Amino acid sequence: MKNFKLSVIPGDGIGKEIVPATLQVLDTLANINGGVKFEYETHPWSCEYYLEHGEMMPKDGMKQLHQTDAIYLGAVGNPNLVADHISLWGLLIKIRRECEQVVNIRPAKYIKGVSSPLANPKDFDFIVVRENSEGEYSEVGGRIHSGSDEIAVQNAVFTRKATERTIRYAYELAKTRNGKVTSATKSNGIVHSMPFWDEVFNEVGKEYPSIATQSNHIDALTAFLVTRAHEFDVIVASNLFGDILTDLGAAIMGSIGIAPAANVNLSGKYPSMFEPVHGSAPDIVGKGIANPIGQLWTAKMMLDHLGLKELGDLLLKAIEDTIGEGVKTRDLGGTSNMQEVIDHVNKKLLSY
């Protein structure tokens with residue numbers, strides 16, 4: 001019997017509804033396998049927790065997380081209660097940084113039954129590998145002076161170590177997919193960091209002669225994802241560029257509510273974290289209509305990471321079959337509520 005201890009953080013808003021519901025699906029998968037057991041350690045860390053305790057997580061919170069195999073996160077943030085910079089830096093970004101989750105992964109694919117805004121999506125299926133620890137989101141910089149003389153300086157930091165490990169991860173991932181890596185760059189306008197990024201991309205690429213490569217400037221690449229998304233396989237990008245491309249990926253899928261993400265610790269020293277892309281959606285809390293697909297797909301990525309790829313693939317099949325059979329929430333054009341979607345996914349899993 002393989003036992004996996006999971007840190008479960010429902011977080012804010014609809015996360016508190018969706019996360020417990022999707023644990024039912026994980027339990028179904030464990031029962032199907034027979035040799036797997038999931039142990040859940042649930043943490044109430046959220047904006048409400050902050051209002052009560054003055055912090056997003058307790059002082060020993062990171063220590064608690066480090067003792068588990070993976071972190072399963074719902075949604076973080078409720079600006080009606082706590083400013084976003086407090087909630088995000090106190091929980092989500094804190095976990096990413098202190099668990100050294102240096103690579104962010106977000107897939108995007110056409111799912112039958114979800115209306116894509118693309119006129120002809122052509123079954124696109126790509127994944128964005130995003131550098132997750134530095135780049136344009138470094139904390140280096142500051143502000144001085146005031147009034148008309150005020151100056152804001154934000155420094156983008158690109159180290160060879162972080163750049164190379166992200167790009168290498170993308171090449172390794174391409175070996176398991178369709179053998180193509182596209183680099184997002186802007187070396188014609190950003191004269192130091194992007195030529196450096198290009199150089200590392202080309203250097204690492206020499207070690208993977210079987211992988212097809214190309215570099216696209218970020219502005220052109222965003223257009224290509226609208227006009228010919230089906231041509232892409234693995235896209236590797238800096239922190240900012242990856243952030244932009246992944247939201248676009250969710251949009252062309254048809255809903256941010258179905259998009260998953262993984263924050264990966266490459267060394268295995270600390271747990272990786274898995275979260276849906278959607279926010280806490282406080283406007284629909286308590287109505288039972290939240291879309292659980294993004295969280296379920298996130299669970300599939302977590303299963304893959306834990307070495308349970310067969311279960312992960314089974315879950316994705318159940319998700320796609322559920323949507324294909326018309327069982328979907330209102331944001332996808334359906335009439336089902338959250339629990340009905342969960343129940344149908346469970347039903348499909350038990351029928352295979």
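**A loop residue and its surroundings**

Modeller: Serine 238 sits in the loop that runs between strand 10 (234-237) and helix 8 (239-253). The model is a predicted one, and what follows is computed from it. With a relative accessibility of 1%, serine 238 counts as buried, because the limit for that class is under 20%. Leaving aside residues up to four places away in sequence, serine 238 touches Arg130, Glu131, Glu136, Phe158, Met194 and Trp197.

Aspartate 123 lies in the loop between strand 4 and strand 5, and its relative accessibility of 52% places aspartate 123 in the exposed class. The phi angle of aspartate 123 is near 55 degrees, which is a positive value in a residue other than glycine. Histidine 145, in the loop between strand 6 (141-144) and strand 7 (151-154), has a phi near 65 degrees, again a positive value in a residue that is not glycine. Histidine 145 is exposed, with a relative accessible area of 56%.

The structure holds 6 aromatic pairs. One of them is formed by tyrosine 110 and phenylalanine 124, a tilted pair with 6.5 Å from centre to centre and 55 degrees between the planes. Both partners are in the loop between strand 4 (103-109) and strand 5 (125-131), 14 residues apart, and the pair links distant parts of the chain. Tyrosine 110 is partly exposed, at a relative accessible area of 22%, whereas phenylalanine 124 is buried, at 0%. Ring pairs also bring in Phe126, so that Tyr110, Phe124 and Phe126 are linked into a cluster.

From the loops we can turn to the helices. Two packed helices are described by the angle between their axes and the distance between the axes. For helix 9 (residues 293-305) and helix 10 (residues 309-324), the axes come within 7 Å and cross at roughly 160 degrees. Since angles over 145 degrees count as roughly antiparallel, helix 9 and helix 10 are therefore roughly antiparallel to each other. Their crossing is left-handed. On the side of helix 9 the contact is made by Ile293, Leu296, Trp297, Ala299, Lys300, Leu303 and Asp304, and on the side of helix 10 by Lys309, Leu311, Gly312, Asp313, Leu315, Leu316, Ile319 and Ile323. Sorted by class, the contact of helix 9 with helix 10 has 10 nonpolar, 1 polar and 4 charged residues.

Helix 10 also meets helix 1 (residues 15-33), and here the axes come within 11 Å and cross at roughly 125 degrees. That angle makes helix 1 oblique to helix 10, and the crossing of helix 1 and helix 10 is right-handed. In this contact, Val25, Leu29, Ile32 and Asn33 of helix 1 meet Leu311, Leu314 and Leu315 of helix 10. By class, the contact of helix 1 with helix 10 has 6 nonpolar residues, 1 polar residue and no charged residues.

Notes. Residues numbered from 1 in each chain as written. Predicted model: local features only at pLDDT ≥ 70, side-chain atom pairs only at ≥ 80, totals over all residues. Heavy atoms only, no water. Axes fitted to C-alpha atoms, helices over the stretch in contact; angles between N-to-C directions. Helix = DSSP H or I, 4+ residues; strand = E, 2+ residues; numbered from the N terminus. Parallel < 35°, antiparallel > 145°, perpendicular 65-115°, else oblique. Left-handed = near helix turned anticlockwise from the far one by under 90°. Contact = heavy atoms within 4.5 Å. Nonpolar A, V, L, I, M, F, W, Y, C, P; charged D, E, K, R; others polar. Phe/Tyr/Trp six-rings, centres within 6.5 Å; stacked < 30°, edge-to-face > 60°. Buried < 20%, exposed > 50% of the residue type's maximum accessible area, 1.4 Å probe, protein only.
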